[in-house]
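User: Hey, I'm new to this one. Can you walk me through it?
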Amino acid sequence: MELEQLLHKHFGYSSFRPGQKEVIEALLQEQDVIALLPTGMGKSLCYQLPAYTLEKPVLIVSPLLSLMQDQVEELKRFGEKRVVALNSFLSLTEKRYVLHFLEQYRFIFTSPEMLLQQQVQEKLAKMKLGLIVVDEAHCISQWGFDFRPDYLRIGDWLSRENRPPILALSATATKKVVRDIRETLSLKAPFEFMYNVDRPNIHLGRVVVEDKADKARWLMHHVTETAGPGILYVSSRKRAQQYSEALLQEGVRVAAYHAGYGVEDRQFIQQQFIAGELDWIVATNAFGMGINKLDIRQVIHESMPANIENYMQEIGRAGRDGHSALAILLYAEGDEELAKFVVTGDLPTLHHVDRYQELLSQQIQPIQMLKNGELSETAFRVLDYWLQRESSEQVKVRLNHLALEKYNAVNEMLQIIQTKDCIREHLVGYFGQKLQKKPENCCENCGIHYDVIKKVRLKEKKKVKMATWESRLQQLLMGN
């Protein structure tokens with residue numbers, strides 16, 4: 001059966017989006033593949049369709065539980081019953097059941113941490129997989145070295161002989177990140193498909209304010225006077241709570257979202273947003289990856305993103321339906337210093353390296369550092385991973401290098417904010433690409449008329465039926 005026929009039979013689509021067919025054909029020829037496709041371009045289809053040709057289980061390694069659950073639910077909506085998420089949501093009894101019948105599933109979603117559990121590896125070693133997918137593969141580079149080292153351990157497991165093809169998926173990646181993906185996953189001469197990172201329907205705004213109080217005034221006015229759905233990214237859980245409570249007082253349908261909430265609470269808030277029961281989410285960067293909501297009209301950053309990659313990932317959640325959307329970044333002088341403090345906050349220090357070795361010399365398990373509250377869980381994971389592989393001096397050099405990389409990444413983001421040239425052109429160039437064409441209302445420096453925003457009033461929603469988001473964005477951007 002032709003690929004187009006399979007596409008229509010299983011998913012109801014008549015044609016492929018750019019890149020999908022090329023990626024699928026390479027996989028069916030048993031090639032490893034790195035595919036960079038923007039959010040909303042149908043990355044998931046690149047492994048979903050081959051599963052119906054290969055007739056062997058497809059293993060998908062996914063970074064977040066919420067992302068995993070979304071993908072499982074999406075497949076179920078298409079009528080797929082042989083799909084499972086092997087994760088910490090399962091009870092011990094459920095996990096045993098899933099493992100016992102694992103080869104009978106067509107799609108198996110799991111996390112890097114679960115993948116590396118011995119009983120899971122033993123079961124997978126007995127199975128013939130058709131394909132292994134590493135979703136959001138940029139996390140290998142961005143998270144693996146300094147957040148979740150289990151991403152780096154995936155490569156050890158994948159380096160075995162007679163493995164199936166590997167598909168590494170991401171929305172954005174620099175040449176360095178692509179190199180990290182290629183090396184960490186032990187890919188063999190992979191076919192690489194790199195779609196242009198530009199999203200012309202996302203209009204890039206930047207608002208420079210005096211201080212934190214000025215930001216709050218601008219945001220409260222803007223969110224209450226303009227159309228959502230939208231995401232407001234903030235730097236801390238505390239600020240997420242403060243903004244959500246203040247906006248609730250103004251009648252905005254809003255909720256805070258951060259890692260301080262339990263998994264079930266976060267899922268509930270996420271589902272409310274997807275279902276249209278909430279107009280705004282005020283979130284730390286814990287929110288958004290893989291969110292399947294097409295009509296997000298605004299993404300606002302109250303605080304400076306840690307790097308350009310994160311910024312592009314986060315604004316890429318807007319306008320997945322192809323209609324106009326806004327990405328607005330607020331900046332006050334000194335924001336870069338806070339960003340540098342935040343990005344290095346979870347790195348272990350040189351003192352922690354010495355303390356780890358001191359405990360070992362006393363025949364005390366270094367985990368005691370975590371129990372005593374001497375460092376965070378993230379910092380301990382990083383420290384433990386590298387000190388099992390390198391000498392103390394090598395680890396100290398590595399930590400200094402990581403901190404310097406993070407400082408440089410913040411400075412690169414600052415250059416984007418401070419440029420007087422086209423912001424879009426700078427962003428696209430950062431990923432080694434060229435801007436093909438500037439859209440109307442391209443960016444702050446090319447021209448966006450913010451006085452128009454004030455004419456769009458959400459508070460009328462309770463009295464009259466609202467116009468579509470599309471027409472409101474047209475008013476907002478074009479002055480109609």
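This is a predicted model: local features need pLDDT of at least 70, side-chain atom pairs count only at pLDDT 80 or more; totals for chains, interfaces and linings use all residues.

User: What about strand 12, how does it pair with strand 13?
Analyst: Also in the parallel sense, over four bridges; strand 12 spans residues 298-301. Histidine 301 has leucine 329 of strand 13 as its bridge partner.

User: Which helix goes with strand 12 and strand 13 in a β-α-β unit?
Analyst: Helix 14, residues 308-315, and the unit is right-handed.

User: Is strand 13 buried or exposed?
Analyst: Eight of its eight residues, 325-332, are buried, so strand 13 is largely enclosed by the rest of the structure. Both of its faces are covered. On one side you have Ala325, Ala327, Leu329 and Tyr331, and on the other Leu326, Ile328, Leu330 and Ala332.

User: Switching topic: where does phenylalanine 341 lie, and is it buried or exposed?
Analyst: Phenylalanine 341 is in helix 15, residues 335-344. Its relative accessible area is 63%, and exposed means over 50%, so phenylalanine 341 counts as exposed.

User: Which residues form a nonpolar patch on the surface?
Analyst: Leu338, Phe341 and Val342, with about 310 Å² of accessible area together.

Technical notes: Residues are numbered from 1 along each chain as its sequence is written. Side-chain values use heavy atoms; hydrogens and water are left out. Patches are made of residues with over 30% relative accessible area and no salt bridge: like charges are joined within 9 Å, nonpolar side chains (Val, Leu, Ile, Met, Phe, Trp, Tyr) within 5 Å. Accessible areas come from the Shrake-Rupley method with a 1.4 Å probe; for residues, only the protein chains shown count as cover. A salt bridge is a side-chain nitrogen of Lys or Arg within 4 Å of a carboxyl oxygen of Asp or Glu. Helices (H or I, at least four residues) and strands (E, at least two) are DSSP runs, numbered from the N terminus. Buried means under 20% relative accessible area, exposed over 50%, partly exposed in between (1.4 Å probe, protein chains only). Two strands pair if DSSP finds at least two bridges between them. A crossover is right-handed if, with the strands pointing away from the viewer, the path from the first strand over the helix to the second runs clockwise.
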